Amino acid sequence: MDTRIVLFAVVFSLLAPLASAQQAAVLRRPVEPVAPVQAAEVDKDAVIARLREKNRELSEENARLQARINDMTTLGGSEVRAYCASSSESRNTAGASESCGAYTCNQTSGLCRDRCTTSNDCDSTARCSPEGTCQVVPQG
């Protein structure tokens with residue numbers, strides 16, 4: 001049995017170089033030379049002019065957007081928007097806030113209510129009176 005193993009090892013060692021030579025032949029295919037690519041002529045002045053025009057357009061857009069931000073965030077700005085920060089506080093995009101007191105914040109306008117039609121227009125400590133005002137209910 002040992003002679004079979006020795007014989008196999010001898011045969012394998014004799015055939016291994018042939019297999020690796022075949023493999024090397026497959027891996028070493030001739031490579032065709034690639035022709036050098038000619039660089040395209042670029043009109044540098046035209047490219048620079050296009051980039052300057054794009055830069056001018058972007059600068060104008062940036063100025064318009066900055067003006068819009070200023071209108072939205074400056075007190076008295078034409079685009080200051082109110083919103084309800086909570087059910088009892090109104091805020092605006094300029095940063096001002098107002099506590100709604102006994103009333104709730106109107107989700108549609110973003111402003112505190114100044115009258116009520118139902119007790120849902122009042123905070124949890126008040127009820128709507130027949131006159132349309134939120135009256136704080138004494139805790140008792």
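Predicted model: local features only at pLDDT ≥ 70, side-chain atom pairs only at ≥ 80, totals over all residues.

Let me begin with a definition: helices (H or I, at least four residues) and strands (E, at least two) are DSSP runs, numbered from the N terminus, and two strands are said to pair if DSSP finds at least two bridges between them. Residues are numbered from 1 along each chain as its sequence is written, and side-chain values use heavy atoms, with hydrogens and water left out.

With that in place, the secondary structure of the chain comes to two helices and five strands, and along the sequence these follow the pattern α-α-β-β-β-β-β. Strand 1 (residues 82–86) and strand 2 (residues 89–92) run antiparallel and are joined by four bridges, and the hairpin between strand 1 and strand 2 passes through two residues. Within this pairing, S86 stands opposite E89 of strand 2.

How much of the chain is buried? Taking buried to mean under 20% relative accessible area, exposed over 50%, and partly exposed in between (1.4 Å probe, protein chains only), we find that buried residues make up 16% of the 140 residues. The chain exposes about 11,700 Å², of which carbon and sulfur atoms supply 57%; these accessible areas come from the Shrake-Rupley method with a 1.4 Å probe, and for residues only the protein chains shown count as cover. If contact means heavy atoms within 4.5 Å, then among contacts between residues at least 6 apart in sequence, 9% join residues at least 24 apart.

Let me turn to the cysteines, where a disulfide is a pair of cysteine sulfur atoms within 2.5 Å. A search of the whole structure finds four disulfides, and with bonded cysteines counted along the chain their pattern is 1-3, 2-4, 5-7, 6-8.

One of them is formed by C100 and C112, whose sulfur atoms are 2.0 Å apart; C100 and C112 are both in the loop between strand 3 and strand 4, twelve residues apart. The torsion about the S-S bond of C100 and C112 is about -75 degrees, so this disulfide is left-handed, and both cysteines are buried.

Another disulfide joins C116 to C128, with an S to S distance of 2.1 Å. C116 lies in the loop between strand 3 and strand 4 and C128 in strand 4, so the pair ties together parts that are twelve residues apart in sequence. Here the torsion about the S-S bond is about 95 degrees, so the disulfide of C116 and C128 is right-handed. C116 is buried at a relative accessible area of 5%, and C128, at 19%, also counts as buried.

A further disulfide joins C122 to C134, S to S 2.0 Å, linking the loop between strand 3 and strand 4, where C122 sits, to strand 5 (residues 134–136), which holds C134. Its torsion is about -90 degrees, so the disulfide of C122 and C134 is left-handed.

Now for charge: which residues are linked in a network of salt bridges? A salt bridge here is a side-chain nitrogen of Lys or Arg within 4 Å of a carboxyl oxygen of Asp or Glu, and the structure holds five of them. The network links E53, R56 and E60. R56 meets E53 at 2.3 Å, N to O, and R56 also pairs with E60, the closest N and O atoms being 2.5 Å apart. R56 and E53 lie in helix 2 (residues 44–73), three residues apart, about one turn of the helix, while E60 and R56, also in helix 2, are four residues apart. A separate pair, R91 and E89, meets in a salt bridge at 3.4 Å, N to O.

I will finish with D123, which is placed in the loop between strand 3 (97–99) and strand 4 (126–128). Counting Lys and Arg as positive and Asp and Glu as negative, with His and the chain ends not counted, D123 is buried yet has no salt bridge, and the nearest side chain of opposite charge, R127, is 6.9 Å away. Leaving aside neighbours within four places in sequence, D123 is in contact with G101, A102, Y103 and T104.
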